[in-house]
Amino acid sequence: MRIVVLTGAGISAESGVPTFRDSGGLWEGHDVEDVATPEGYERDPDTVLRFYDARRRAAASVTPNAAHRALARLEGAIGEDLLVVTQNVDDLHERAGSHSLVHMHGELRRALCTTCGARPEWDADLIDRPHCPACGERTLRPDVVWFGEMPYDLDRIEQAVVGCELFVSVGTSGAVYPAAGYVALAAAFGARTVELNLEPSDAAVPFDEVRAGRATEVVPAWVEEVLVA
Ligand code: APR
């Protein structure tokens, strides 16, 4: 059975990574326009670089939880029949052992050179304008997809979504497209759709099944069922 699992900030919440739209979420403390748009970066690059430098350091200080580990275990059992499509920019899926994984909104542990387009792995701060390892220019920005920018690997993701038999959404509010549209696409191509979320999201198309609860509880239980099925 080919399975696509779409994950959002809710899967990393119990690891200590704040979500965006929940109370106390990132978008409460920061204006999206200022820190998550190319225009905001143009206007005030220092504020943006500091924001992502802080997020990169915070992500390095937390660890994967039982939900990340359960998905890695599922991959161990079914290999590339599972594709995890994450909207998250943290590396908790990788650190839990996932390989069949796409970061559609970019990664905190990569930089993007606005001169040559290189996307080097990056763990240090960017505020001091380090040189791009490929072209030498001091034009590195966070490799995070901002509002108004094109997400990564859309063709690969859409191919997997239209070809899957089971589409599962974990810890996402379904507020942001194109990710929020994948449940409808999967359903339109005959897949069964399941939502695992703290509370049911207001997805455009209802899921066949909704299981409300914490990711660290509902994801391992769902994986267990799939493995014994
Ligand atoms: N377990 C399961 N779900 C949870 C948990 C938890 N412990 N905690 C929160 N949630 C759910 C919330 O109920 C909410 O539906 O996770 C969802 C988080 O939603 P958002 O904060 O909107 O995050 P996300 O859906 O990932 O945002 C999508 O928006 O801001 C942009 O690019 C950013 O990738 C992000 C995109």
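A polar contact here is a pair of N or O atoms within 3.5 Å; inside the protein, one must be able to donate a hydrogen and the other to accept it, and residues adjacent in sequence count only if both atoms are side-chain atoms. Keep in mind that this is a predicted model: local features need pLDDT of at least 70, side-chain atom pairs count only at pLDDT 80 or more, and totals for chains, interfaces and linings use all residues. Residues are numbered from 1 along each chain as its sequence is written, and side-chain values use heavy atoms, with hydrogens and water left out.

Let's start at the ligand. The side chain of serine 173 puts an N or O atom 2.6 Å from a ligand oxygen. Glutamate 14 has a polar side-chain atom 2.9 Å from a ligand nitrogen, and a polar backbone atom of alanine 215 also lies 2.9 Å from a nitrogen atom of the ligand. Taken alone, the ligand exposes 740 Å², and the protein buries 95% of that (Shrake-Rupley areas, 1.4 Å probe).

Who else is around? The ligand has 23 residues around it (a heavy atom within 4 Å), and Phe20, Arg21, Trp27, Thr172 and Ser173 come nearest. Sorted by class, that shell holds eight nonpolar, ten polar and five charged residues; Asp, Glu, Lys and Arg count as charged, Ala, Val, Leu, Ile, Met, Phe, Trp, Tyr, Cys and Pro as nonpolar, and the others, Gly among them, as polar.

Now for the rings. The model has three aromatic pairs, counting Phe, Tyr and Trp rings (six-membered for Trp) with centres within 6.5 Å. Tyrosine 41 sits in helix H3 (38–43) and tryptophan 146 in the loop between strand E5 (140–144) and helix H7 (154–163), 105 residues apart.

The peptide bond from tyrosine 177 to proline 178 is cis, with omega near 10 degrees. Arginine 129 isn't a glycine, yet has a positive phi of about 55 degrees.

Definitions and conventions
Rings of Phe, Tyr and Trp (its six-membered ring) pair if their centres lie within 6.5 Å; planes under 30 degrees apart count as stacked, over 60 as edge-to-face and the rest as tilted. Helices (H or I, at least four residues) and strands (E, at least two) are DSSP runs, numbered from the N terminus.
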